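Subject: Structure handover

Hello,

Here is the structure I promised you. Please open it and keep it beside this email while you read.

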Amino acid sequence: MIIAQLSDLHVRPHGRPAYGVVDTNAAAARAVDAILALEPRPDCVLVTGDLTQNGSAEEYAIVRAQLARLPAPAYVIPGNHDQREAFAAALAHDYPYLPRGSFLNYVAEDFPVRLIALDSVDQGEEGGLICAEREAWLADRLAEGRGRPTVIFMHHPPFLVGVPGMDAVPTRVSPGFVDLIARHPEVERIVCGHYHRPIQRRFAGTIGFVAPCTAHQVALDLRPGTANHFVMEPPAIAVHVWTPETGLVSHLQPVGDYGPRRAFVEPAEPGRELSGAAHA
Ligand SMILES: [Fe+2]
Ligand SMILES: [Fe+2]
């Protein structure tokens, strides 16, 4: 099973770059192109929040057009830049699995790996929130899985990452959340976005994985007391591959043109005969 991941598209209205300089719409299109170029094709695509910059209807229309190009089913969750109601209203037609209730939590059971979408948005706040109600919902869904391999995907990483500018606004989780995850070793990953750069850490007996943004990244800054700044480092998509033998293996695929693939063959050196056995 191949799970592609797009995160933090931050789509803007046409002609209005994010922060005045980042053409997030073109970047989102290039990220979708990168998924279209994957061989073999992914079985599904997780889109882990901040689909838009401000949650406007115009932005969601652009998101819909881009996600419609994907070669596999997409599973979308909101981020802090989205507006939950506008998100659901704009995307419910294309993605009928989105629930009508208060939180956009759901489970995709169609694959060898269960995909559990956990809505981490605390509307109006930058930081995420897993409240007692969402923890209880997750506990029920994990119990139903009876140990089948599972990926939980959510916008906000539910753990500290050791970067002061990121940890300044941590995700608040209910008291039982860490123990709940720890009781379910079938959780192969908690797959997130939000921090706009690749990060991995051990968390509650599983692996926490943060995917980069499809457009602007957050500069790595480990100095205490520093704030986040964005930087135009290469964007990337994530590709998570599951087999019964390996479990889930996660890759990052940079988005962009880095030239052709080349064979590992040294050029002939002047004055030295190449032998037929040189590459044996
Ligand atoms: Fe974001
Ligand atoms: Fe975010």
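**What I found**

Ala117 has Phe153 in β7 as its bridge partner. Ala117 sits in β5 (residues 114-117), and four bridges join β5 to β7, the two running parallel. Strands here are DSSP runs (E, at least two residues), and helices are too (H or I, at least four), numbered from the N terminus. Two strands pair if DSSP finds at least two bridges between them.

Before you go on, two notes. This is a predicted model: local features need pLDDT of at least 70, side-chain atom pairs count only at pLDDT 80 or more, and totals for chains, interfaces and linings use all residues. Residues are numbered from 1 along each chain as written, chains are lettered from A and ligands numbered from 1 in written order, and side-chain values use heavy atoms, without hydrogens or water.

**The sheet**

Six strands make an open sheet with mixed pairing, in the order β4-β5-β7-β9-β11-β10. β4 (106-108) and β10 stand at the edges. Each has a single partner strand, so one side of each has no neighbour in the sheet. The twist averages 20° from one strand to the next. Helix α4 (residues 132-145) lies across β4, β5, β7 and β9. It runs at about 175° to β5. Contact means heavy atoms within 4.5 Å. Axes are lines fitted to C-alpha atoms, for helices over the stretch in contact, with angles from 0 to 180 degrees between N-to-C directions.

**The iron site**

Which residues hold the iron ion (ligand 2)? Its protein donors are Asp50 (OD), Asn80 (OD1), His155 (NE2) and His194 (ND1), at 2.1 to 2.3 Å. Donors are N, O and S atoms within 2.8 Å of the metal (3.2 Å for Na, K and Ca); water is not among the atoms, so sites may look incomplete. The iron ion (ligand 1) is 3.5 Å from the iron ion (ligand 2), and Asp50 coordinates both.

Are His155 and His194 buried or exposed? His155 is buried, at 0% relative accessibility. His194 is buried as well, at 11%. Buried means under 20% relative accessible area, exposed over 50%, partly exposed in between (1.4 Å probe, protein chains only).

**Aromatic rings**

One aromatic cluster is formed by Tyr75, Tyr95, Tyr97, Tyr106, Phe111 and Phe153. Rings of Phe, Tyr and Trp (its six-membered ring) pair if their centres lie within 6.5 Å; planes under 30 degrees apart count as stacked, over 60 as edge-to-face and the rest as tilted.

Best wishes
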